[in-house]
Protein chains: 2
Amino acid sequence: MLGDFAKVDVVKAYPSTPIREVARLMAERRVGLVVLVEPGNPHRVVGVVSERDIVRAVAQGVSLEEPCEVIATKNVVALDYRESVAKAAEAFRRYGIRHVVVTREGRLYGVLSIRDILREDSALREIASYYDWTFEPGMSA
Amino acid sequence: MLGDFAKVDVVKAYPSTPIREVARLMAERRVGLVVLVEPGNPHRVVGVVSERDIVRAVAQGVSLEEPCEVIATKNVVALDYRESVAKAAEAFRRYGIRHVVVTREGRLYGVLSIRDILREDSALREIASYYDWTFEPGMSA
């Protein structure tokens, strides 16, 4: 399940955190996604900022001292930690994203990246067996 | 093989192209990697700029009007277009990257992203069967 592969040391910021500071967090912590949480409630997700959002801000000439909520994605793709890895793979494909937020009882649990999946043989096997089952039911074990 | 999944409409720039212009190319063309080629020889790769490189430049306060060679990766991970997809998956894992440059007879052929792989069921199957073979030789068909 997703919870086994998600990173639980999530890099967080507030909607008011400046864009450049979010970039600093990404670079220092070596992550591609920063999760925005409600001030006063670190479990409540209110948005995400991806590397792509930062690149778009640079492209559009947005001031990097602006609060990151200006460039954040508010419609966050979140999956419960008990969901299968194949479900995350589907989300990556459908929405053209590289990270999903993972929740547990509606609260922030972790972040799963497309790279986390490719790193884990067991995750790859889970996806492959899912697709086997989906597309070639007659051939599954 | 890699060549089947790589995108051949590569987004290119020169080492002298300003960072902000590279960000614009990424945003407009919806890619995460711009390949730097030698001026006068569009098949000769001299570096790559990833979204991560742009984020790092923002984090470090590098002027976005600087030529992109200042932030580019010069040690490019390139694979021949006849290599297997599993080889690319290994490169993604080993080097912590999300794109590989694909070459044909040493010339720029295309770019393969980690997302291109996850999008293609046949690519996933190729990787899964490779890992089956590698880690569980007794169980492969």
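Residues are classed here as buried when their relative accessible area is under 20%, as exposed when it is over 50% and as partly exposed in between, for a 1.4 Å probe and protein chains only. By this criterion B:Glu105, with a relative accessible area of 70%, is exposed. The structure is a predicted model, in which local features need pLDDT of at least 70 and side-chain atom pairs count only at pLDDT 80 or more, whereas totals for chains, interfaces and linings use all residues. Residues are numbered from 1 along each chain as its sequence is written, chains are lettered from A and ligands numbered from 1 in the order in which they are written, and side-chain values rest on heavy atoms, with hydrogens and water left out.

Chain A contains five helices and six strands, where helices (H or I, at least four residues) and strands (E, at least two) are DSSP runs numbered from the N terminus. Along the sequence these elements of chain A are arranged in the pattern β-α-β-β-α-β-α-β-β-α-α. Of the 141 residues in chain A, 48% are buried.

Helices of the two chains pack against one another. The axes of helix H1 (residues 19-29) of chain A and helix H2 (residues 51-60) of chain B come within 8 Å and cross at roughly 120°, the axes being lines fitted to C-alpha atoms, for helices over the stretch in contact, and the angles running from 0 to 180 degrees between N-to-C directions. H1(A) is therefore oblique to H2(B), given that angles under 35 degrees count as roughly parallel, over 145 as roughly antiparallel, 65 to 115 as roughly perpendicular and the rest as oblique. The crossing of H1(A) and H2(B) is left-handed, a term used if the near helix is turned anticlockwise from the far one by less than a right angle, with right-handed used if clockwise. On the side of H1(A) the contact involves A:Arg20, A:Ala23, A:Arg24, A:Met26 and A:Ala27, and on the side of H2(B) it involves B:Val55, B:Arg56, B:Val58 and B:Ala59. Six nonpolar, no polar and three charged residues make up this contact of H1(A) with H2(B), with Ala, Val, Leu, Ile, Met, Phe, Trp, Tyr, Cys and Pro counted as nonpolar, Asp, Glu, Lys and Arg as charged, and the others, Gly among them, as polar.

Helix H2 (residues 51-60) of chain A and helix H1 (residues 19-29) of chain B pack at an angle of about 120°, with their axes 8 Å apart, so that H2(A) is oblique to H1(B). The crossing of H2(A) with H1(B) is left-handed. Here A:Val55, A:Arg56, A:Val58 and A:Ala59 meet B:Arg20, B:Ala23, B:Arg24, B:Met26 and B:Ala27, and by class the contact of H2(A) with H1(B) has six nonpolar, no polar and three charged residues.

Over all chains, two aromatic pairs are found, rings of Phe, Tyr and Trp (its six-membered ring) being paired if their centres lie within 6.5 Å, with planes under 30 degrees apart counted as stacked, over 60 as edge-to-face and the rest as tilted. A:Tyr81 and A:Tyr109 form a tilted pair, at 5.3 Å centre to centre and with 40° between the planes. This pair links distant parts of the chain, 28 residues apart, since A:Tyr81 lies in the loop between strand S4 (78-80) and helix H3 (85-95) of chain A and A:Tyr109 in strand S6 (residues 107-113) of chain A. A:Tyr81 is buried, at 12% relative accessibility, whereas A:Tyr109 is partly exposed, at 22%. In H3(A), the buried residues include A:Val85, A:Ala86, A:Ala88, A:Ala89, A:Ala91 and A:Phe92, and just after H3(A), A:Gly96 takes a positive phi of about 60°. A:Arg30, although not a glycine, has a positive phi of about 55°; A:Arg30 lies in the loop between H1 and strand S2 (33-38) of chain A and is exposed, with a relative accessible area of 68%. B:Glu105, also not a glycine, has a positive phi of about 50° and is placed in the loop between strand S5 (99-104) and S6 of chain B. A:Thr17, in the loop between strand S1 (12-13) and H1 of chain A, is buried, with a relative accessible area of 12%. Not counting residues up to four places away in sequence, A:Thr17 touches A:Val22, A:Glu66, A:Pro67 and A:Cys68.

Technical notes:
Contact = heavy atoms within 4.5 Å.
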